[in-house]
Amino acid sequence: ARIPAPDLKSCSRATITDGPEVPYSCCPPKPEDLDKVPYYKFPSMTKLRIRSPAHEVNEEYIGKYELAISRMRELDKSDPHDPRSFKQQANVHCAYCNGAYKIGGKELQVHFSWLFFPFHRWYLYFYERILGSLIDDPTFALPYWNWDHPKGMHLPPMFDVPGSSLYDARRNPHVRNGTIMDLGSFGEEPYRLGTAPKPGAGTIENIPHNAIHAWTGTVPGSKLENGHESFGENMGNFYSVGLDPVFYCHHINVDRMWNEWKATGGKRRDLADKDWLNSEFFFYDENCDPWRVKVRDCLDHKKMGYDYAPMPTPWRNFKP
Ligand code: C2O
């Protein structure tokens with residue numbers, strides 16, 4: 001059967017992957033009428049949002065992006081229960097991926113299965129709209145971390161400026177200063193994501209997706225700035241990934257890979273399985289309204305109002 005939208009009433013404490021309980025609640029604020037969360041309808045739009053490669057954006061764009069994220073961070077202080085706030089947005093990932101929600105008595109987990117691409121697509125969709133609305137720019141689009149192109153194989157520089165709203169101190173120092181990703185050592189990195197038995201992840205989810213998470217986060221077992229043991233925070237553990245702004249930029253490229261996959265080989269199609277198409281998620285939008293969304297409504301990205309600025313995909317012609 002399909003996976004229904006999570007039951008918010010039974011949302012409970014989440015567990016750090018390979019670690020103890022998350023020390024705070026990741027559950028979203030409860031909507032007024034829990035039993036009548038409506039199905040999402042796409043608002044009208046005039047112009048597609050165009051997502052560009054992160055290593056190519058200009059200063060003006062970076063200024064807007066920083067402003068949008070700092071407004072989101074301000075909401076953490078002015079109203080921690082505002083579903084648009086920085087921490088609430090990060091909690092979305094924690095709730096869906098660290099056992100806060102239960103489905104049929106088991107923990108809900110959107111990774112390691114066919115929910116991986118659609119869940120993150122919807123998540124980014126609302127996150128991007130929230131950022132745009134915080135700066136009154138209905139065309140604002142997130143950038144993509146173009147790690148599949150030689151020029152994009154390092155942390156995009158705008159995320160590496162201490163003091164910027166895009167900076168996160170909880171990263172492995174080896175990601176700093178334009179260091180090229182060390183693909184060769186990925187197999188040796190501690191691998192916090194995906195250690196529990198799950199139905200099975202696709203190739204993109206394993207590498208480079210999980211590898212980049214582990215490469216960017218702090219080293220598991222090391223000490224965090226607060227003296228606690230690191231479980232890979234922020235980018236290397238499901239519950240905390242959303243606290244690093246680069247997480248969303250990483251996933252925009254994962255989302256782009258879904259499109260590239262459909263475009264390569266000509267005849268690739270999304271699944272026709274009804275259990276997949278009718279699976280649902282719960283999200284808040286930029287007006288703090290709660291919605292249920294279906295997988296079937298996220299298959300056409302242009303209908304969702306965005307597209308990707310094209311980049312060459314050198315790997316397409318590569319034959320090992
Ligand atoms: Cu939901 Cu990259 O993890």
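Guide: Start with contacts. Two residues are in contact if their C-beta atoms, placed from the backbone, lie within 7 Å. Leaving out residues up to four places away in sequence, arginine 13 touches Glu21, Val22, Ser25 and Ala100. Arginine 13 sits in the segment before β1 (49-51). Helices (H or I, at least four residues) and strands (E, at least two) are DSSP runs, numbered from the N terminus. This is a predicted model: local features need pLDDT of at least 70, side-chain atom pairs count only at pLDDT 80 or more, and totals for chains, interfaces and linings use all residues. Residues are numbered from 1 along each chain as its sequence is written.

Visitor: Which residue, 85 residues away in sequence, lies 8.7 Å from arginine 13, C-alpha to C-alpha?

Guide: That is asparagine 98.

Visitor: Is arginine 13 buried, exposed or partly exposed?

Guide: Count C-beta atoms, placed from the backbone, within 10 Å of the residue's own: 20 or more others means buried, 12 or fewer exposed, and in between partly exposed. Arginine 13 has 14, so it is partly exposed. Tryptophan 315 is exposed, because its count is 9 other C-beta atoms within 10 Å. Tryptophan 315 lies in the segment after β6 (306-308). Its C-alpha is 7.3 Å from that of aspartate 148, although tryptophan 315 and aspartate 148 are 167 residues apart in sequence.

Visitor: How do I check a helix, say α1?

Guide: Compare its span with the expected one, which is 1.5 Å times one less than its number of residues. Helix α1 (residues 59-78) has 20 residues and reaches 28 Å from first C-alpha to last, close to the 28 Å expected. Its buried residues are Tyr65, Ala68, Ile69, Met72 and Leu75. Seen down the axis of α1, they fall within an arc of 100° (taken over directions from the helix axis to the C-beta atoms), so they line one face. The face turned away from the buried side of α1 carries the exposed Glu59, Glu60, Gly63, Lys77 and Ser78.

Visitor: What covers the buried residues of α1?

Guide: The cover includes α2 (86-97) and α3 (116-134). Axes are lines fitted to C-alpha atoms, for helices over the stretch in contact, and angles run from 0 to 180 degrees between N-to-C directions. The axes of α1 and α2 come within 6 Å and cross at roughly 95°. That makes α1 roughly perpendicular to α2 (65 to 115 degrees; under 35 is roughly parallel, over 145 roughly antiparallel, the rest oblique). Met72, Arg73, Leu75 and Asp76 in α1 meet Phe86, Lys87 and Gln89 in α2.

Visitor: Which residues does UniProt list for "binding site"?

Guide: Its unreviewed entry lists His93, His111 and His120. They span 28 residues in sequence, yet no two of their C-alpha atoms are more than 10.4 Å apart, so they gather at one spot. UniProt positions are given in the numbering used here, feature names are shortened, and annotations may be inferred rather than shown by experiment.

Visitor: Where are histidine 111 and histidine 120?

Guide: Histidine 111 is in the loop between β3 (106-107) and α3, and histidine 120 lies in helix α3. Histidine 111 counts as buried, with 22 C-beta neighbours inside 10 Å. Histidine 120 is buried too, with 25 other C-beta atoms within 10 Å. Beyond four places in sequence, histidine 120 is in contact with His251, Val254 and Asp255.
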